[in-house]
Amino acid sequence: MSMEASELQDLSDDADYAASQQQGSASMMRCDSGKRSSPSEHDDAELIYLKDNVAIHPTQFASERISGRLKLTKQDSVLFLSWIPYKGQTSNAKLSEKDRSLYTITAVPFTEVRSIRRHTPALGWQYVIVVLTSGLAFPPLYFYNGGVREFLAIVKQHVFLARSAEDANVFLVNDFQSPLQRTLSSLELPSSLPVASGQYPSDGGTSNDNQGRASADVGNRVSSVNQYGLRKQKSHDPTRDLSIHLLEKFSLVTKFARDTTTQLFSENNGFGSIDKRWNNQPVHSYPEKLSNIAEEKHQESPHSYLDNDPFKDEEIANNVDVPDDPLEVNKLSLVWGKPRQPPMGRKEFTAFLDSEGRVVESKALRERVFYGGIEHQLRSEVWPFLLGYYAYDSTYAEREYLRSVKQMEYATLKQQWQSISPEQAKRFTKYRERKGLIDKDVVRTDRAFEYYEGDENLNVNIMRDILLTYSFYNFDLGYCQGMSDYLSPILYVMENESESFWCFVALMERLGPNFNRDQNGMHTQLFALSKLVELLDTPLHNYFKQNDCLNYFFCFRWILIQFKREFEYEKTMQLWEVLWTHYHSEHLHLYVCVAILKRCRSKIMGEQMDFDTLLKFINELSGHIDLESTVRDAEALCICAGENGAASIPPGTPPSLPLDDIMLYPLEDDVL
Amino acid sequence: MATSGNKNINAKLVLLGDVGAGKSSLVLRFVKDQFVEFQESTIGAAFFSQTLAVNDATVKFEIWDTAGQERYHSLAPMYYRGAAAAIIVFDITNQASFERAKKWVQELQAQGNPNMVMALAGNKADLLDARKVSAEEAEIYAQENSLFFMETSAKTATNVKDIFYEIAKRLPRVQPAENPTGMVLPNGPGATAVSSSCCA
């Protein structure tokens, strides 16, 4: 996530600082109480260093940070690190007290610290990641007021700190002797995933399930860790920093955590005698974590998904050896995918506008729509922005003017075909054919949906008029099957012929190439999809390759009409407005494809589907895909793929705007 | 022709024809015995399977239903390549759809499997009042081109099962093993009708 000025402003509010003044010491007392082995608050512990406004980001969203106080203390010549969140004050109401305590770091001795990775970008927040000898890592600690260099300098005064030969930003704290630790150090974690991410707060029932599974099957994947080469990340933000091979390491790290914890569980009947090295674990999370682990032991199937998953595998793994998923979407979305918010309402939307109606921060608006969609009544006002019909910096008055001008222009365009007399039509084959095609399609587009149902439905006629007008407006592209699928929800939302037309025109500016005669727009997207699958699920890619499925034509319908036939009407609208924000990527729809394919990967490979079976299977997924979790997976995959993902998508791939204007719609002999 | 005992045959079948001729409706009637007045247009292609018992054999049809618009023509070879049978569908109330059907026949004769069983279906036979293509005209064309012709109605189910049954009867029962482009294969373990069907 880039750090825009507005976000920085948002984060520079004083609430946390004020809280730190009032609450800091109290919360430390609270968190440390009852821990016999914790030395930090003992009278003989010497305070070495104290830094306020050090925050962690439980998700990739800076707005959901938890701020707290970082401390270094020394006792019996051992240096301890602790980070205590401020109590009671919050930048985000969604974060509960429990979330805070989950991430609390209470007095970790530096003898258990493997390394500290620092990141001090010229612009943006500095942070450090503390990696333990166990392989666990704490979430990045953001120094909101700067001071990473000072922090490291102080650490260096008290423990042996050596700069890694392989990465100048990694400082090794300990020298390792054990083979396990050598293995870990050879991984050269470029950064690490949060320790507490496995205990990400529940958000509606599924994430507990997810988190159980997330670590249930990591045991098998150690061997696949090295399939990705080492790569240094230069990005300034750790959420971008996390590369694909890092996810492998995440699995590894989680495995170590689980193994160790399981061991503890088997050796201890209660929590009182837990080894002191685990004191950095959040107190409140123990029972949950342990019970999860107990359950996990019974989940031998490596590819079980959510219980309500319609494409759940059944005893497939027993028959066919399905290669492991290098990136489990459950795990990814757990870490990165963000739960959707309620749809944006009018009041909230109005807050994005200045007094004259300009959208002040279009990115913030798009972000809001991305994470929650729009209340239906408001869609007709927001969709024109998303589609590019309205400019974000236009005023109320300018938009009013635009509408009236465009209405006249539409009437002129419509008049072009309306003025064709029957006699002229007789001599105008292309027109007759085109009109015939549109007539055939509009009467069978969403007729079960109430807005278009019934005989002599006027909305069906309006849809016909718009499509015919469009085929004159863009005579080269004309009409193509699938266009009515796009227009139907637009007309339903806009409830105005001219406005619907111009929104449709704006959409076709980006998606028109889907309907090119040479199929070029589709081929480009299918190609990009194959590259993304290769990047994000190499075994699945290889499977498609071996089975002559690399053309990805089984995803043709998904891409051509952006999943219109895969979801019910309302869900389609929700998905489209998310896609149209272009918030993380213009090509999120391709990541949606990857997300769905990954959800089905073990079924596809386990049942050895060939192309025919695959196409049938994919078509029959229609109506059985859960939108919310799919979008969340897609977001996680998109973030995870990062620049490599973007590089997999050739420039100009729809819905990117065309690179140039020459021959937008290459013609062949037949112009129909 | 048929060997003794039960014989299972997989046969790839493709439906081709003009927009709105009723390809999807024919399949839906055959596979699910359903009819939808406003059957939505087919995007890309759809795949179905349905099994018919013919004499002592069982024919499992693997049916490819394609999009009708000329613009998607370039995708068609992907679907008809390797097909053992084709149903070319036109709408008896639409002369242009009949002309389009003829073009499909020509293309299959030029590009397709020479042993392909081809059927010509004059669909919407229930709409007699709106008829534009006479049964005689279509029958003559079919005979000239070694097709068999039936008028069908997906709406009333007239002749729908029959046309598939007729195709099944005409499928070659014994497939030379040395023919790698075989269109009909015995349904052995893991055998599928066509393994090369998804090559671009």
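Author: A salt bridge is a side-chain nitrogen of Lys or Arg within 4 Å of a carboxyl oxygen of Asp or Glu. In this predicted model, local features need pLDDT of at least 70 and side-chain atom pairs count only at pLDDT 80 or more, whereas totals for chains, interfaces and linings use all residues. Residues are numbered from 1 along each chain as its sequence is written, and side-chain values use heavy atoms, with hydrogens and water left out.

Reader: Which residue of chain A forms a salt bridge with B:Glu40?

Author: The partner of B:Glu40 is A:Arg565, with the closest N and O atoms 3.6 Å apart. The count between chain B and chain A is one salt bridge.

Reader: How is the size of an interface given?

Author: It is often stated as the accessible area lost when the parts come together. Here chain B and chain A bury about 2,900 Å² (1.4 Å probe, summed over both), and 56% of that area is on carbon and sulfur atoms. In contact (heavy atoms within 4.5 Å) are 34 residues of chain B and 36 residues of chain A.

Reader: How is a pair of aromatic rings described?

Author: One gives the distance of the centres and the angle of the planes. Rings of Phe, Tyr and Trp (its six-membered ring) pair if their centres lie within 6.5 Å; planes under 30 degrees apart are stacked, over 60 edge-to-face, and the rest tilted. The structure holds 48 aromatic pairs over all chains. One of them, A:Tyr49 with A:Phe151, is tilted, at 5.5 Å centre to centre and 55° between the planes.

Methods
Chains lettered and ligands numbered in written order. Buried area = accessible area lost by both parts, 1.4 Å probe.
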